[in-house]
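Trainee: I would like to go through this model residue by residue. Where do we start?

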Amino acid sequence: MSWFGKKKEATPSTADAISKLQETETMLQKKSDFLEAKITQEMKTAKAAGMKNKRVALNALKRKRRYEEQLNKIDGTLCTIEFQREALENANTNTEVLKNMGFAAKALEGAHKQIGDIDKVHDLMDDIAEQQELANEISSAISSPMGFGMEMDEDELLAELEGMEQEDMDRQLLDIPDSAVPNLPSVPDAVPTAAQEEEDEDMAALAAWAT
């Protein structure tokens, strides 16, 4: 006996308690299977004896009743143990969840400490926005066309384009080859009249007389 009173027992872990309950469940399940087999055997004995041997049959039924009472108690105990084991498993799960959540909370707190004051974060975001705006302005300036007077009158350009097209059409008309023109019969300069034909005949007759 201890001089300082009864020694305080260490609190078992949920995993150890679950393991013990599982062992108890296994033991009781074996006992239940044994009793079910005995009940079946006593029923067969009672049926075989029947009214021919009432004493044997009655004793078999009495044993069957005792086995059934034990079986009912074991079934109730198994239900209680199963409920307790499920409660421990849920508690064990909750413990692990809370432990992991606490670990994550500490990690998040450490990350926030590394970030520092929230005002510094806002200042940093303002600096980033300012630099982004400056970068956009630089990009716009670089991509703009160089030189002055780049703006031109669109109507003037269209008039110049129409003039170029007209020149091309005129050049094409002047460059038509002779082979492209169809051959037409030649037209005499003047059509001889009847009086001229008669004069020609007289001149021919005079020339023949002179010779």
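Trainee: Which residues make the nonpolar surface patch of about 310 Å²?

Mentor: Keep in mind that this is a predicted model. A residue needs over 30% relative accessible area to join a patch. Valine 97, in helix 2 (residues 54-115), has 39%. The patch is made by Val97, Leu98 and Met101.

Trainee: Is lysine 64 buried or exposed?

Mentor: Lysine 64 also has its place in helix 2. Its relative accessible area is 12%. Buried means under 20%, so lysine 64 counts as buried.

Trainee: Which residues does lysine 64 touch, not counting those up to four places away in sequence?

Mentor: Contact means heavy atoms within 4.5 Å. With that cut-off, lysine 64 touches Ile39, Glu42 and Met43.

Trainee: Which residues gather in the patch of negative charge on the surface?

Mentor: Take glutamate 137, in helix 3 (residues 118-143). Glutamate 137 is partly exposed, at 47% relative accessible area. The cut-off for a patch is over 30%. The residues that gather there are Asp117, Asp119, Asp123, Asp126, Asp127, Glu130, Glu133 and Glu137.

Trainee: How many Å apart in space are asparagine 90 and threonine 14, C-alpha to C-alpha?

Mentor: Asparagine 90 lies in helix 2. At 49% relative accessibility, asparagine 90 counts as partly exposed. In sequence, asparagine 90 and threonine 14 are 76 residues apart. In space, their C-alpha distance is 9.8 Å.

How values were computed. Residues are numbered from 1 along each chain as its sequence is written. This is a predicted model: local features need pLDDT of at least 70, side-chain atom pairs count only at pLDDT 80 or more; totals for chains, interfaces and linings use all residues. Side-chain values use heavy atoms; hydrogens and water are left out. Patches are made of residues with over 30% relative accessible area and no salt bridge: like charges are joined within 9 Å, nonpolar side chains (Val, Leu, Ile, Met, Phe, Trp, Tyr) within 5 Å. Accessible areas come from the Shrake-Rupley method with a 1.4 Å probe; for residues, only the protein chains shown count as cover. A salt bridge is a side-chain nitrogen of Lys or Arg within 4 Å of a carboxyl oxygen of Asp or Glu. Helices (H or I, at least four residues) and strands (E, at least two) are DSSP runs, numbered from the N terminus. Buried means under 20% relative accessible area, exposed over 50%, partly exposed in between (1.4 Å probe, protein chains only). Lys and Arg count as positive and Asp and Glu as negative; His and the chain ends are not counted. The place of a charge is taken as NZ of Lys, CZ of Arg, CG of Asp or CD of Glu.
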